[in-house]
Amino acid sequence: MKPNLSRQRSSSVCIAALLAASGCATTENNPQDPFEGFNRAMFAVNEGLDKVAIKPVAQGYDAVTPLPVKVAVGNFFGNIWDTWTALNNLLQGKGGDALSDVGRVLINSTVGIGGVFDVAGEMGLTKHSEEFGQTLGKWGVGDGPYFYWPLIGPRTTRDTFGWMVDTYYDPVWRVDNIPLRNSLVSLRYVDLRASVLPTDKVIEEAAFDKYTYIRDAYLQHRRNEIFDGDPPRIPVDY
Amino acid sequence: MKSLLSLLFGLLLLCGSAIAEERSPDALVRQVTDDVLTIVRQDKDIQSGDTRKAIALVDTKVLPYFDFQRMTALAVGRNWGKATPEQKKRLTEEFKKLLVRTYSNALTSYKDQTISYKPSKMEPGETDVVVKTEVVQPGSKPVQLNYALEKHADGWKVYDVIVAGVSLVTNYRSSFSQEVRDKGIDGLIQMLGDRNKQLEK
């Protein structure tokens with residue numbers, strides 16, 4: 001009986017904390033961000049993690065890795081992802097793009113030596129960026145409330161679900177050899193973090209409230225991606 | 001025959017000068033970008049992070065083609081109408097400083113990217129267009145870099161810069177309106193001024 005009670009208590013504490021957190025949000029004003037209190041807390045956790053662990057590792061990686069190697073790493077993981085891009089383009093009814101993506105994977109996996117060189121890109125087969133969240137968006141699924149997750153970062157509700165499907169599919173996560181899988185996942189993560197190092201300073205200087213700046217940028221960016229880089233222009237109001 | 005030729009020649013000249021005055025927004029963006037990148041490619045100081053030098057470059061090459069009053073109005077949103085002319089002036093000055101700084105900083109992280117220009121569809125007589133470009137860099141997907149321009153009496157002026165779908169101007173809306181709600185327009189001027197002072201150090 002006793003452990004049960006304490007579990008109950010801890011879960012009610014959790015709920016209370018969540019309520020308090022979302023209570024803070026009522027003073028804020030972005031209708032897309034009803035859980036702002038919770039999100040800000042997670043944002044703070046992530047900023048802390050980034051500062052003490054992720055960013056230093058990414059900086060180290062960035063400093064010791066020559067540019068051609070970084071390009072090769074980016075291409076390698078990009079090539080694996082292109083298969084998923086192709087499938088998502090197909091699901092979105094963009095057969096031509098899907099075909100081009102399949103062509104990219106075939107060419108880069110062979111002539112591009114396992115995806116290390118983006119030969120197809122140089123031949124004019126442009127890389128697309130698609131995942132399941134965008135597919136859902138194309139199908140008309142709305143954004144839903146905005147979330148900020150630890151390690152994963154900003155995602156709308158739809159894109160959180162999309163991310164779960166992406167990860168389920170993700171060939172890198174499906175590698176059987178666990179140590180190899182973990183190394184690959186980590187390398188990909190660090191390489192991604194390193195690639196956005198130059199924007200850190202810009203955001204640091206430009207943003208008054210980093211949380212809001214990143215949230216609003218993410219929401220604008222997603223809208224742009226769902227419309228494949230050509231979103232209808234929002235009429236300006238003064 | 002001769003007179004016909006000279007007439008044609010004269011017409012050509014006329015058209016030529018008309019084109020020079022009415023430079024298309026595409027041509028404007030392309031020329032300014034080329035001018036700036038030519039300098040950055042040769043300037044080791046800017047490449048190694050000399051923001052001051054980058055700002056000087058942006059001041060002379062880019063600023064004349066930007067409409068900062070419009071940009072500030074866009075960023076401030078609804079509250080812009082409530083500001084006095086003096087407040088508008090000061091807001092514009094401070095926001096301009098901040099944007100120039102951000103833009104210049106982005107220049108100092110230039111490595112070996114190139115810009116590709118997308119064809120833009122423009123109807124004749126249009127006064128508001130988006131010029132699309134892409135920043136191409138080895139090993140990653142090209143990043144969209146778009147400019148929104150409006151036609152003025154003295155030529156086209158940029159009023160928004162959109163990177164990967166994110167407007168560098170409207171992205172300030174939430175934090176600006178929050179500040180105006182808490183501390184009024186003067187509070188916003190103060191906030192911008194403080195940040196600029198802090199960055200100058």
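Predicted model: local features only at pLDDT ≥ 70, side-chain atom pairs only at ≥ 80, totals over all residues.
Local features are given only where pLDDT is at least 70 and side-chain atom pairs only at pLDDT 80 or more, whereas totals for chains, interfaces and linings use all residues. Residues are numbered from 1 along each chain as its sequence is written, and chains are lettered from A and ligands numbered from 1 in the order in which they are written.

Chain A contains ten helices and two strands; helices (H or I, at least four residues) and strands (E, at least two) are DSSP runs numbered from the N terminus. The order of these elements from the N terminus is α-α-α-α-α-α-β-β-α-α-α-α. Of the 238 residues in chain A, 27% are buried. A residue is counted as buried if 20 or more other C-beta atoms lie within 10 Å of its own, as exposed if 12 or fewer do, and as partly exposed in between, with C-beta atoms placed from the backbone. Contacts are pairs of residues whose C-beta atoms, placed from the backbone, lie within 7 Å. For chain A, 54% of the contacts between residues at least 6 apart in sequence join residues at least 24 apart.

Helix α2 of chain A, residues 36–64, has a bend of about 55 degrees at A:D50. The bend at a residue is the angle between axes fitted to the seven residues ending there and the seven starting there. Buried positions in α2(A) are A:E36, A:G37, A:F38, A:N39, A:R40, A:M42, A:F43 and A:A58.

Chain B has seven helices and five strands, arranged along the sequence as α-α-α-α-α-α-β-β-β-β-β-α. Buried residues account for 29% of its 201 residues. Among contacts in chain B between residues at least 6 apart in sequence, the share joining residues at least 24 apart is 54%.

The strands of chain B form an open sheet of five, in the order β1-β2-β3-β4-β5, with antiparallel pairing. Two strands are taken to pair if DSSP finds at least two bridges between them. Strands β1 (114–117) and β5 of chain B are at the edges and have a single partner strand each, so one side of each has no neighbour in the sheet. Eight bridges link β2 (residues 128–136) and β3 (residues 143–152) of chain B in the antiparallel sense. Within this pairing, B:E150 in β3(B) is the bridge partner of B:D128, and B:L145 in β3(B) stands opposite B:T133. Strands β3(B) and β4(B) are also antiparallel and joined by eight bridges, with B:V163 in β4(B) opposite B:L145. The hairpin between β3(B) and β4(B) passes through two residues.

Two helices of chain B lie across this sheet. Helix α2 (residues 25–42) of chain B lies across β1, β2, β3 and β4 (155–163) of chain B, at about 35 degrees to β2(B). Helix α5(B) lies across β3 and β4 of chain B, at about 40 degrees to β4(B). For these angles, axes are lines fitted to C-alpha atoms, for helices over the stretch in contact, and values run from 0 to 180 degrees between N-to-C directions.

The largest nonpolar core has 37 residues, and those with the most contacts inside it are B:M71, B:A75, B:L149 and B:L188. Elements giving two or more residues to this core are α5, α6, β3, β4 and α7 of chain B. Apart from this core lies another, of five residues, including A:M42, A:F43, A:Y148 and A:Y211. A nonpolar core is a set of buried Ala, Val, Leu, Ile, Met, Phe, Trp, Tyr and Cys residues joined through C-beta atoms within 7 Å.

Not counting residues up to four places away in sequence, B:M71 touches B:F95, B:L99, B:Y159, B:D160 and B:V169. B:R173, in helix α7 of chain B, is partly exposed, with 19 other C-beta atoms within 10 Å. With the exclusion of residues up to four places away in sequence, B:R173 touches B:A75 and B:G77. The C-alpha atoms of B:R173 and B:M71 are separated by 11 Å, although these residues are 102 residues apart along the chain.

Between the chains, 26 residues of chain B are in contact with 29 residues of chain A. On the chain B side, the elements giving two or more residues are α5 (68–76), α6 (85–108), β5 (166–167) and α7 (173–200). The largest share, five residues, comes from α7(B). By class, this side of chain B has nine nonpolar, 13 polar and four charged residues. Here Ala, Val, Leu, Ile, Met, Phe, Trp, Tyr, Cys and Pro count as nonpolar, Asp, Glu, Lys and Arg as charged, and the others, Gly among them, as polar.
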